Amino acid sequence: MKKSRIALMSTALVAAGATAIGTATTAQADTTNPTTNNTTTGQTQTAKTSQSELDANIKDAQTAVNNAKDKTGQAQTAADAAKGAAVQSKSQASTAQATTTKVQTDLSTAKTAEAEAQKVADSATDDAINQAQDAVTNQQNQNQQLTQTVDTAKTDVDKAGDSVNSAQTVVDQTNTDATQANQTVANAQAQVDHAQDVVDGKDSATAQQNLATAQQDLSQAQTNVKQANDATKQASQAVSDAQTKVTSAQTSVDQANQAQSAAQQNINTATQAQAAAQKALDDASQHQGSTQTFTLGTEYVNALKAYNDAEGYNLNSSDPVVQRLIKASDAMSQMLKFQSNAVDKNIKINGRQDLTPEVLSQLSTYAAQLINSMRDEFGAVTNGSVKFAGDIADEVTADQWILAVENAHDVPAINRAAAKNGLFSKATANMYEDAALAKATSNLGEWHLTLDDFKQMIFTSLQSFMANDEEWSHANSILGAAAHGKDQYFGVSFSDSIGENVLGAPGKTLNFDSHFAFVPQDSSYWVDESKFDKTAIKNETVSANEIKQLESDLATKKTATNTAKTALATANTNTTKAQNTLTAAKTTLATAKQQQTNAQTTLTNAQAAVKTATAAVAAAQKAVDETSASDATKQQALSDAKAALKAAQAVQSQKQASLTAAKVKLATANQALAQAKVKLANAEAALKAGQQALANKKVYLDSLTHADANLAAAKQAVVDAQAAYDQAVQALKVAQTTADSDAVTYQQLQQVADVAKQVLVAAQAKLDQLLQTKALNDAIDRTNQETSQSKSAQGESMTNTEHDMTNGGGTTLNTKYALGTEHATTGGDTVTLKAHRALSAEQATTLQQRKRL
């Protein structure tokens, strides 16, 4: 092949990869010249790094980056942990220093106490102890005397206080007497002045004028009393009227409240009744019986009778009797549709443990309902029959018997179940059950089935019994046409077995077989009836008619509730109106009472004014009479007034002297009280000082008496304090050493982390450089390819084509748009690549991935 050399002139690409590739090297790119295989030396190509070597370098660089990241994370984690330890140990060292300072102070205090105890012990001779004891005794005697002094002083204070109180009482009384004497003198002086004016004739005209004015005032006051009295009567009537309205309004409020309470009680009763009706409906809905029936149709019944009459089991399947029954079976089967129940869908059955007696009872009752829709009542679902059916299913499950595989009843299992329930169990053939393949599923774990699914299995099983186009012995058994009659106990259950390739289904399947157990009431079937509970299971299902009745009752209760709510709303409105009326009536009553009070006040004031005016008229009339009297009478009145004044003044002087003397005695008593209080205070202070002295002397005596013990305790306290101090100092040294060590460890580990970060930065830089070089190499490859494609367009063949293998379509890559560059062909084989932009790291990665494809 011809060796082509192409010069690449991409300033942007060279700038992007310069640091990665260093100096240029030379590589060969093989292309095919359509005209010759001779090597051409006039063409050049920019050198690029070996692709495999570059990929290996990138892989190693990426590994180095990853390792550096791990080491950096580990180093920083270790440094952070060391930092936390350093902070904690520094805190512990600070705590140890504080503890050391405290115990050092305690040691100093203990040593001082020891020195004091030593001094006391040195002085604790027998003489010193005796002297201290005598001092205590003497002080106790002194304190007794001081106590007596205090008691005497208290008595003196009490007596002085009584004297002050007595003196104060006298002062108060004489002051009252003096005040009254002063007023008497003033009144007498006014009477003298008035008598003198009468003698002098000064008040004659004035007296007449005052009398006229007083009489006029009295007349007006009497008019005012009449008006006020009328107003008071009106106000009282208004109060009476308002009170009547309040009483009436209160009665209305009471009646409205009673109506409201009754309405509330009615709504409570109605609401409770509605809730009870709702609960009854909800409970009934949980037990609502299925309306599912199993309709055979007249043609099927007649065809089956004809089959039985003709002993069809001995006829060929092509016989018209058999063909008629087959057609009737197919028609009937197409008309049958299972009715699903939403409540049953919510009852989960995920394993045999969920097939409880209660669930099996429901299923048996459902099956009995379907069977009864095909024939007359045939018997009862009892506790024993349900248990028997369940035992059959358990035994069959234990045998892992699959009906579709064995194509026969598991007679041993049926016999074992029969023996458990007191039934004949020595049969060599099935005597009790009809069985069918009910369901198969590939889900081998939890069943994830519901009660609705199992009812559908019952329905499907009955379909297979009644219309399988092969045999009708099961149909006759279900219809009670077989031996032993219709009086039977009935139950249904299901076995589950895992099989492989059952009925051609690939793989393992979980297979459910239904077991319809019929126990004839014929005594020949019974061995031990005590093992079989013949108690009929109460059918708790609720019929559709009962549901309708409950719905109707609920609707009636809702209507009653709504009616009660309306009545309550009306009662509430009436109560509000009555309350507003009562409030307005009470406001009117309060206003009327205030007006009544005002009117009564006005009347009282008017009546008082009448009394005052009457007195004024009397006084004015007296003044007129005095001015009209003879001169001798006037002169005698003046003399009498002066004599009365003189007598009043004499009494005044006497009362004033008594007041002065009483005040002197009060001052003397207060002074004596003050002196007694001072003596009491001094005595109490002396007693307090004596008590303190006694306490001090007792302490001193105690210290002498127990000097040796106190000294020993003080010495021990010093020993303990010294030990605590030594321990604290040692702990401080350890804590400080640990803190210093942790600080150094943190600094060292942080330095290691910093170095690891530098290594990571260097590794990342190297990886980035290699990725840039990779991008540059990929760009070179695409440019060479485009050059080859250009030559191919001129008739040359192209030997290398890149394909996008992501979709397997072999689509040729258009790298020009991926790179975002423009290419121009120059003369000869030289191509200039003009890049719009340098490659980013993301672009380089993308180019690397596409190159690998």
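Is Asn-407 buried or exposed? Asn-407 is exposed, at a relative accessible area of 69% (exposed is over 50%, buried under 20%, partly exposed in between, with a 1.4 Å probe and protein chains only).

Before going on, I noted the ground rules. The model is predicted, so local features need pLDDT of at least 70 and side-chain atom pairs count only at pLDDT 80 or more, while totals for chains, interfaces and linings use all residues. Residues are numbered from 1 along each chain as its sequence is written, and side-chain values use heavy atoms, with hydrogens and water left out.

**Entry: two positive phi values**

I found Asn-407 in the loop between helix H10 (403-406) and helix H11 (411-420). Helices (H or I, at least four residues) and strands (E, at least two) are DSSP runs, numbered from the N terminus. The phi of Asn-407 is positive, near 55 degrees, and the residue is not a glycine. Most residues other than glycine have a negative phi.

I then looked up His-448, which has a positive phi of about 55 degrees. His-448 sits in the loop between strand S5 (433-441) and strand S6 (449-450) and is exposed, at 54% relative accessible area.

**Entry: two helices**

Next I checked how helix H8 (residues 357-372) packs with helix H12 (residues 451-466): the angle is about 35 degrees and the axes are 10 Å apart. Axes here are lines fitted to C-alpha atoms over the stretch in contact, and angles run from 0 to 180 degrees between N-to-C directions. Contact means heavy atoms within 4.5 Å. Among the residues making it are Tyr-366 and Leu-370 of H8 and Phe-454 and Ile-458 of H12.

**Entry: rings around Phe-454**

I came back to Phe-454 for its ring. Rings of Phe, Tyr and Trp (its six-membered ring) pair if their centres lie within 6.5 Å; planes under 30 degrees apart are stacked, over 60 edge-to-face, and the rest tilted. The structure holds 15 such aromatic pairs. Trp-447 and Phe-454 form a tilted one, 6.0 Å centre to centre with 40 degrees between the planes. Phe-454 and Phe-512 are edge-to-face, at 5.9 Å and 85 degrees.

Phe-454 is buried at 0% relative accessibility, and Phe-512 is buried at 1%. Ring pairs link Trp-447, Phe-454, Phe-494 and Phe-512 into a cluster.
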